[in-house]
Amino acid sequence: GEKEVQLRFLEEDQSAFLADLKREHPAYYNLKYVQSPVSRSEIQAQLAADEALLSYFLRKDQLYILVLGKKQGSLTKVALDTSLQDLVNTLRTSMDQHSEMRSPSSQVAKQHAQGYCSAAYTLYQQVFQPVEADLPQKVKIIPDGPLAFVPFDALISEMPERVEDFRSHAYLLHRFQFSYTR
């Protein structure tokens with residue numbers, strides 16, 4: 001019918017536009033429309049000797065962690081026993097309540113501190129600890145899904161005895177320098 005004819009005209013207009021764009025502005029066209037995958041060796045060539053790329057891919061209850069260093073690479077598969085989304089939500093909510101945690105004697109503050117520590121430690125165990133031994137000090141993270149909302153600096157590598165004593169926590173920021181990319 002009439003809608004199919006209109007659609008065909010629009011598709012022809014788009015094709016003509018793209019052909020003109022490719023001819024008149026090839027650099028822009030290539031950046032916008034030509035997908036060229038980057039090889040592992042090209043990525044590794046961009047890394048300094050003291051840094052690694054940590055890329056996550058989340059698939060249902062499986063997390064795949066790709067570690068690329070200057071000269072080596074590995075892929076680790078982690079079976080998740082807890083919902084990453086729930087852990088991230090708990091972490092973010094407890095971090096947002098920092099004003100209530102300033103008076104550590106309150107019961108609400110202790111609950112938020114406990115929630116934070118539990119989520120920060122469990123996230124560490126699931127998404128960082130499995131590859132930690134392969135990592136140098138500088139780590140570039142490419143997150144996936146809810147991990148895009150995780151400040152890896154704030155994860156903790158051991159559960160503290162006093163959850164409300166934030167200065168004594170074993171934050172990853174004490175041992176790693178993180179940067180994030182997409």
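Figure 1. Ala19 and Met95 are separated by 76 residues in sequence and by 51 Å in space, C-alpha to C-alpha. The model is a predicted one, in which local features need pLDDT of at least 70 and side-chain atom pairs count only at pLDDT 80 or more, while totals for chains, interfaces and linings use all residues. Residues are numbered from 1 along each chain as its sequence is written, and side-chain values use heavy atoms, with hydrogens and water left out.

**Figure 2. Helices H1 and H2 pack against each other.** Helix H1 covers residues 2–24 and helix H2 residues 26–33; their axes are 5 Å apart, at an angle of about 125°. Axes are lines fitted to C-alpha atoms, for helices over the stretch in contact, and angles run from 0 to 180 degrees between N-to-C directions. H1 and H2 are therefore oblique to each other; angles under 35 degrees count as roughly parallel, over 145 as roughly antiparallel, 65 to 115 as roughly perpendicular and the rest as oblique. From H1, Leu18, Leu21, Lys22, Arg23 and Glu24 meet Pro26, Tyr28, Tyr29 and Tyr33 of H2, where contact means heavy atoms within 4.5 Å. By class, six nonpolar, no polar and three charged residues make up the contact of H1 with H2. Here Ala, Val, Leu, Ile, Met, Phe, Trp, Tyr, Cys and Pro count as nonpolar, Asp, Glu, Lys and Arg as charged, and the others, Gly among them, as polar. Leu18 of H1 touches Tyr29 and Tyr33, not counting residues up to four places away in sequence. Between Leu18 and Tyr29 there are 8.0 Å, C-alpha to C-alpha, at eleven residues apart in sequence.

**Figure 3. The largest nonpolar core has 36 residues.** A nonpolar core is a set of buried Ala, Val, Leu, Ile, Met, Phe, Trp, Tyr and Cys residues joined through side-chain atoms within 4.5 Å. Those with the most contacts inside this core are Leu54, Tyr56, Leu63, Phe128, Leu135, Phe152 and Leu155. At least two core residues come from each of strand S1 (51–59), strand S2 (62–68), helix H4 (84–96), helix H5 (107–128) and strand S4 (138–142). H5 supplies the largest share, nine residues. Leaving out residues up to four places away in sequence, Phe152 touches Tyr56, Val127, Phe128, Ile141, Leu147, Leu172, Phe178 and Tyr180. In soluble globular proteins, nonpolar side chains tend to be buried together.

**Figure 4. Gln126 and Thr122 are two residues of helix H5.** Gln126 counts as buried at 7% relative accessibility. Its side chain makes a polar contact with the side chain of Asp81 (2.4 Å). A polar contact is a pair of N or O atoms within 3.5 Å; within protein, one must be able to donate a hydrogen and the other to accept it, and residues adjacent in sequence count only if both atoms are side-chain atoms. Neighbours within four places in sequence aside, Gln126 is in contact with residues including Leu63, Ile65, Val78 and Asp81. Thr122 is also buried, at 18% relative accessibility, and its side chain reaches the backbone oxygen of Ser118 at 2.8 Å.

**Figure 5. Ser157 lies in the loop between S4 and strand S5 (177–180).** Ser157 counts as buried at 18% relative accessibility. The side chains of Ser157 and Arg175 make a polar contact (3.4 Å). Beyond neighbours within four places in sequence, Ser157 is in contact with Tyr121, Tyr124, Ala170, Leu172 and Arg175.

**Figure 6. Gln44 lies in helix H3 (residues 40–46).** With a relative accessible area of 10%, Gln44 is buried. A polar atom of the Gln44 side chain lies 3.1 Å from the backbone oxygen of Gln72. Gln44 is in contact with Leu68, Gly69, Lys70, Lys71, Gln72 and Gly73, leaving aside neighbours within four places in sequence.

**Figure 7. Lys60 sits in the loop between S1 and S2.** Lys60 has a positive phi of about 50° although it is not a glycine. Most residues other than glycine have a negative phi. At 75% relative accessibility, Lys60 counts as exposed.

Notes. Buried < 20%, exposed > 50% of the residue type's maximum accessible area, 1.4 Å probe, protein only. Helix = DSSP H or I, 4+ residues; strand = E, 2+ residues; numbered from the N terminus.
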